[in-house]
Amino acid sequence: VIPVTFVGGPFALYSLLCRHAKLSFLPNQQSADEELSTYYRNGFTSRHGSLPWLRRFMEKHKNARTVLLLIVLCGASMMIGDGILTPAISVLSSMSGLKVRATGLHDRSVVLLSCIVLVGLFALQHRGTQKVAFMFAPIVVIWLFCIGGIGLYNIIHWNPRIYQALSPYYIVKFFRTTGKDGWIALGGILLSMTGCEAMFADLGHFTSASVRLAFITIIYPCLILQYMGQAAFLSKNILDMPTGFYDSIPGPIFWPVFVVATLAAVVGSQAVISATFSIVKQCHSLGCFPRVKVVHTSRWIYGQIYIPEINWILMVLCVAVTVAFRDITLIGNAYGVACMTVMFVTTFLMALIMIFVWQKNIIFALSFFLLFGSVEVVYLSSSLMKVTQGGWVPLVLALIFMSVMYIWHYGTRKKYQYDLQNKVSMRYILSLGPSLDVVRVPGIGLIYTELVTGVPNIFTHFTTNLPAFHEVLVFLCVKSVPVPYVSPDERYLVGRIGPRAYRMYRCIVRYGYKDVQRDDDNFENMLVMNIGKFIMMEAEDASSSASYDTANEGRMAVITTSDDYDSPLAVRDSNDLADSMTMRSTKSESLRSLQSSYEQESPNVSRRRRVRFELPEEDDMDQQVKDELLALVEAKHTGVTYVMGHVYIKARKNSSFFKRFAIDVGYSFLRKNCRGPSVTLHIPHISLIEVGMAYQV
């Protein structure tokens, strides 16, 4: 359960459920999404599990799906809270070892040193870990062998008979003697899992077999030796209970072990911070977190990301927890609540996956849930008894993050429903004629929309106020699908809107929740290339080349990006000045001057690869297809303009208090203080047009 909990997270399990049952609230899924190679990776291609009535109940009742979403959000919020508590307790516990040798060192000095280490750790996140990642594995291995060797030394030196504690007889005797106090003491046992779980937090790039092998052969034996060694030491030195670990270290090797312990704490904290970034990225991809800037920190290692906003929020909260508590026991109580809540949520979701995905019998799923869930409930109930002793922190943090995520998801859902209900009818588009009743100017107009079908209302709103638009229109939808990754060969879906003379296309770009949308300099070129391939594919299809039929409006084609040999357009570099000056352009001198100044001030833009498309001479090409490709090429050479809606959302006057508070206060505040869509989609500002829109949902 631990690797699934801290690597994939509740949202990874939730997305798996959404692939096998209609549990998602956003109705932007298409049948073409189910044809992705990663959609049914486990081999179960049917939505009919062992309990079809349960699936129908979940799909039919909105309240049941809402409860499931809230459970997932609770687990994800607790995981983000773990990203705050783990660095605090790891660094503070390692720094507390200084008091063993420096007896005059005050607690305030230890807290100050811990805060300095934490601030330095978070300040270096933007540089990524690829330059120092090669040190992580040796540090962890050295640390494990250190604590295992120290534990073995303490067993031999202090109490060789401590091995008898492995007998279950003593745990039964412990509970008989202590009663309720023994049950409450279970919350303290969770501290023994903090280092163990942190090592699994960043193992998403490894197989489950390697995780099991590492845990069974190295991690678990070293941990058992260390805990038995501490028990042997404390059996003879009961007064050294507060700092038992550092007191049990032999004097000659104290400082080397202290250095290794500090480095191991940093590595464990780094692993959890990186895992928190991944969790936030997953929440954002599935529409449950405000827009944030995701930076890919490594060119070679896929999945290493950095989110500036989350990094600084984690740093502030982590330092605040360290300064406020100053005690690893209180932070450990808080950590126990967060850790066990996530584990219980994961067990619950795994039981649903056994039913919906693995198609197991309900008795098997209930047996799994009762076996693991009962153990976790015992630990969770023990941790909740310490709410007043620090356990309230993860509850408050979870409530805040849950509110943010649910309000953002609720507002996003209402906005999408408004777009869906107010999209432009195709009858109206066809009645305008090929000119769309506006002046068609040279160039490509790239209209961003969240709709996967139909024409968004932003188009008519723009043409009503400014009756002119580009010769080639592309309605672009960038959406996330509930799969980890989408192959580049399956990423682009291209279709046509209206008859051929309208020069209107739809392109859907699909990403998985683990995919990182990089600032791809070649995006415009890839888009034109894929539209050209679609035009050729459509021409080869006899049924599509006939007269336009509204029944075929939703037809889309998957365009393979890796096969350039069948592309109808030839590409050559045009970075030199001579080629760029010979390009056809209707831009004014002032606009070209502004473009040149912008490129000089923006090195990333000026370094972009410039290409020129050419239409090869082919005698057997249909004249209509040739004219359409030529119009596409000339429009690309003229320039690409990005059009995006700047939406102001307000709840209707007759809405409930919750809806008005969620939309007018919560969602409005989040939209104003999060990243703009143009930033997250890497749209160049010099080519962006924003259209103001007012929604009443």
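The largest nonpolar core contains 106 residues, of which Phe-11, Leu-85, Phe-277, Val-321 and Ile-331 touch the most other members. Such a core is a set of buried Ala, Val, Leu, Ile, Met, Phe, Trp, Tyr and Cys residues joined through side-chain atoms within 4.5 Å; buried means under 20% relative accessible area, exposed over 50%, and partly exposed in between (1.4 Å probe, protein chains only). Helix α14 (residues 328–356) supplies the largest share of this core, 17 residues. A second, separate core of 36 residues includes Val-494, Met-526, Leu-569 and Val-640. The model is predicted: local features need pLDDT of at least 70, side-chain atom pairs count only at pLDDT 80 or more, and totals for chains, interfaces and linings use all residues. Residues are numbered from 1 along each chain as its sequence is written, and side-chain values use heavy atoms, with hydrogens and water left out. Helices (H or I, at least four residues) and strands (E, at least two) are DSSP runs, numbered from the N terminus.

With residues up to four places away in sequence not counted, Val-321 is in contact (heavy atoms within 4.5 Å) with Ile-84, Leu-85, Ala-88, Arg-326, Ile-331 and Val-393. His-409, a residue of helix α16 (residues 392–421), is buried because its relative accessibility is 4%.

An open sheet is formed by 7 strands in the order β7-β5-β6-β4-β3-β10-β11, with mixed pairing; two strands pair if DSSP finds at least two bridges between them. Strands β7 (557–559) and β11 (688–696) are the edges, each pairing on one side only. Strand β10 (residues 640–650) runs parallel to β11, to which 9 bridges join it, and Val-647 has Met-693 of β11 as its bridge partner. Helix α19 (residues 523–540) packs on the sheet, where it touches β3 (439–448), β4 (468–480), β5 (492–496), β6 (504–511), β7 and β10.

Strand β5 is largely enclosed by the rest of the structure, because 5 of its 5 residues are buried. In a regular strand the side chains alternate between the two faces of the sheet. In β5, Tyr-492, Val-494 and Arg-496 lie on one side and Leu-493 and Gly-495 on the other, and all are buried. The pairing of β5 with β6 is antiparallel over 5 bridges, and Leu-493 stands opposite Ile-508 of β6. Strand β5 is also antiparallel to β7, through 3 bridges, with Val-558 of β7 as the bridge partner of Leu-493.

The whole structure holds 26 aromatic pairs. Rings of Phe, Tyr and Trp (its six-membered ring) pair if their centres lie within 6.5 Å; planes under 30 degrees apart count as stacked, over 60 as edge-to-face and the rest as tilted. Phe-254 and Phe-258 form a stacked pair, 6.4 Å centre to centre with 15° between the planes. Phe-254 is buried at 1% relative accessibility, and Phe-258 is buried at 9%. The pair of Phe-657 and Phe-661 is likewise stacked, because the ring centres are 6.3 Å apart and the planes stand at 20°. Phe-657 is exposed at 61% relative accessibility, while Phe-661 is partly exposed at 43%.

Methods: Axes are lines fitted to C-alpha atoms, for helices over the stretch in contact, and angles run from 0 to 180 degrees between N-to-C directions.
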